[in-house]
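The sequence and model come first.

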Amino acid sequence: MVQNAAPRSIALDYAVGICGIWISAGFFLDAWAHGHVPVETFFTPYHAVFYSGMLALALVIAAFAIRSRSRGYDWIDSVPRAYRLALLGVPIFLLGGIGDMLWHRMLGIEEGVDALLSPTHQILGLGIFFISSGPIRSVLADRHATTLARQLPLAFGLATWLILTHFGTAYGFDPAAGRTNAPPPIAPFTPQYLTALSIGYYKIASGVLTVIFQSTLMAGFALWLVSRMHPCPGMLTLIYLIGNLPAAAAFTNQTPLLEVTIAQSLLTGLLADALIFRYDPYPVAARLRAFRWFAVAVPMTYIGVYLVGMLLTDGVWWDWNVALGSWIWSGVCGLALSLLVVARRAA
């Protein structure tokens with residue numbers, strides 16, 4: 001028997017990375033269906049999308065393990081070492097799937113935010129989170145992963161994580177600054193005055209909190225990536241495009257959210273990749289200034305493009321104080337994260 005674990009397989013990394021996106025994007029297809037078509041049973045074509053992705057993933061891993069076994073590896077070593085933790089996701093997903101079917105039969109079909117917070121849906125997401133860590137850990141462990149072709153599975157894994165994060169927090173995806181989402185007009189000296197005023201304050205507050213959350217999320221993915229490796233140009237553009245579009249496509253409805261999200265993801269990714277190519281903002285003493293500027297520029301670009309995009313396509317109902325203040329907050333979030341990253345490395 002061969003004593004070491006099976007070596008890294010780029011083909012396996014690509015297959016698992018693609019299946020992770022397939023499954024997680026299928027979650028949003030199912031979420032779209034819950035809001036647009038009658039869903040009264042567990043057995044729907046929308047469920048079939050992400051469950052078929054899981055079946056494809058299981059077949060890929062099983063085929064690789066059987067092939068490694070035929071080459072003399074023990075079963076425990078039949079997958080690369082980076083995938084040992086990832087394989088925990090398979091039984092977690094299966095248990096979540098069985099639980100989801102029983103949940104629907106006993107308690108009915110979830111709608112709206114209920115579908116995002118359903119315990120069985122969260123278990124399914126946790127399973128995919130574990131599985132998609134395989135390509136990420138595999139690329140990080142490969143000293144020769146210096147080209148885009150060898151790093152791309154990591155981008156697929158991180159994009160899957162971003163999709164899953166958006167799925168669990170979809171109520172915090174769109175700051176709702178467009179006029180389509182504006183609250184009722186406030187008319188003084190009417191019985192509805194206080195109600196309209198409260199709704200307006202609530203929508204502004206929730207919108208600014210969404211800006212802070214999305215800024216932290218986008219900056220967090222970017223800072224983690226540049227602090228762990230030297231990514232090739234194009235990595236963050238792919239992560240943002242793949243990771244952000246399923247949520248926008250599922251919930252765009254009659255708003256320009258999809259087009260604006262494409263612009264946000266593309267322009268922010270291109271800027272981030274350009275800064276990485278030009279300055280390599282790896283958080284070491286000689287590059288701390290570049291690292292901090294990078295941390296500020298990424299979220300401010302993401303939120304800035306959102307505000308400009310909404311202004312041009314739908315109009316912005318926020319006043320200038322809220323719009324500019326929230327945009328500045330996005331940069332503060334990135335800067336704060338950069339200070340935490342540097343403090344952790346220095347500790």
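In sorting residues by class, Ala, Val, Leu, Ile, Met, Phe, Trp, Tyr, Cys and Pro count as nonpolar, Asp, Glu, Lys and Arg as charged, and the others, Gly among them, as polar. The structure described here is a predicted model.

**The second largest pocket**

By those classes, nine nonpolar residues, one polar residue and one charged residue make up the lining of the second largest pocket. The lining consists of Gly304, Leu307, Val308, Leu311, Val316, Trp318, Asp319, Trp320, Ala323, Leu324 and Trp327. The space in the pocket comes to about 230 Å³. At least two lining residues come from helix 11 (288–313), and at least two from helix 12 (320–346).

**Aromatic pairs**

Over the whole structure, four aromatic pairs are found.

| Pair | Centre to centre | Angle between planes | Geometry |
|---|---|---|---|
| Phe28 and Phe167 | 5.4 Å | 85° | edge-to-face |
| Phe28 and Phe251 | 5.9 Å | 80° | edge-to-face |

Planes over 60 degrees apart count as edge-to-face, so the 80° between Phe28 and Phe251 puts that pair in this class.

Phe28 belongs to helix 1 (residues 10–36) and Phe167 to helix 7 (residues 148–168), so their pairing ties together parts 139 residues apart in sequence. Phe251 is in helix 9 (residues 235–251), so its pair with Phe28 in helix 1 ties together parts that are 223 residues apart in sequence. Through these ring pairs, Phe28, Phe167 and Phe251 are linked into a cluster.

**Ser330**

Helix 12, which supplies part of the pocket lining, also holds Ser330. Ser330 has a relative accessible area of 0% and so is buried. Which residues does Ser330 contact, leaving aside its neighbours within four places in sequence? They are Ser215, Pro299, Met300 and Ile303. Of these contacts, Pro299, Met300 and Ile303 have numbers that fall within the 288–313 range of helix 11.

Note on methods. Residues are numbered from 1 along each chain as its sequence is written. This is a predicted model: local features need pLDDT of at least 70, side-chain atom pairs count only at pLDDT 80 or more; totals for chains, interfaces and linings use all residues. Side-chain values use heavy atoms; hydrogens and water are left out. On a 1 Å grid over the protein atoms alone, a cavity is a set of points where a 1.4 Å probe fits but cannot get out, and a pocket is an open set with protein on both sides within 12 Å along at least five of seven lines; lining residues have an atom within 4 Å of a point. Grid points are joined across faces, edges and corners, and a volume is the space filled by probe spheres set on the points. Helices (H or I, at least four residues) and strands (E, at least two) are DSSP runs, numbered from the N terminus. Rings of Phe, Tyr and Trp (its six-membered ring) pair if their centres lie within 6.5 Å; planes under 30 degrees apart count as stacked, over 60 as edge-to-face and the rest as tilted. Buried means under 20% relative accessible area, exposed over 50%, partly exposed in between (1.4 Å probe, protein chains only). Contact means heavy atoms within 4.5 Å.
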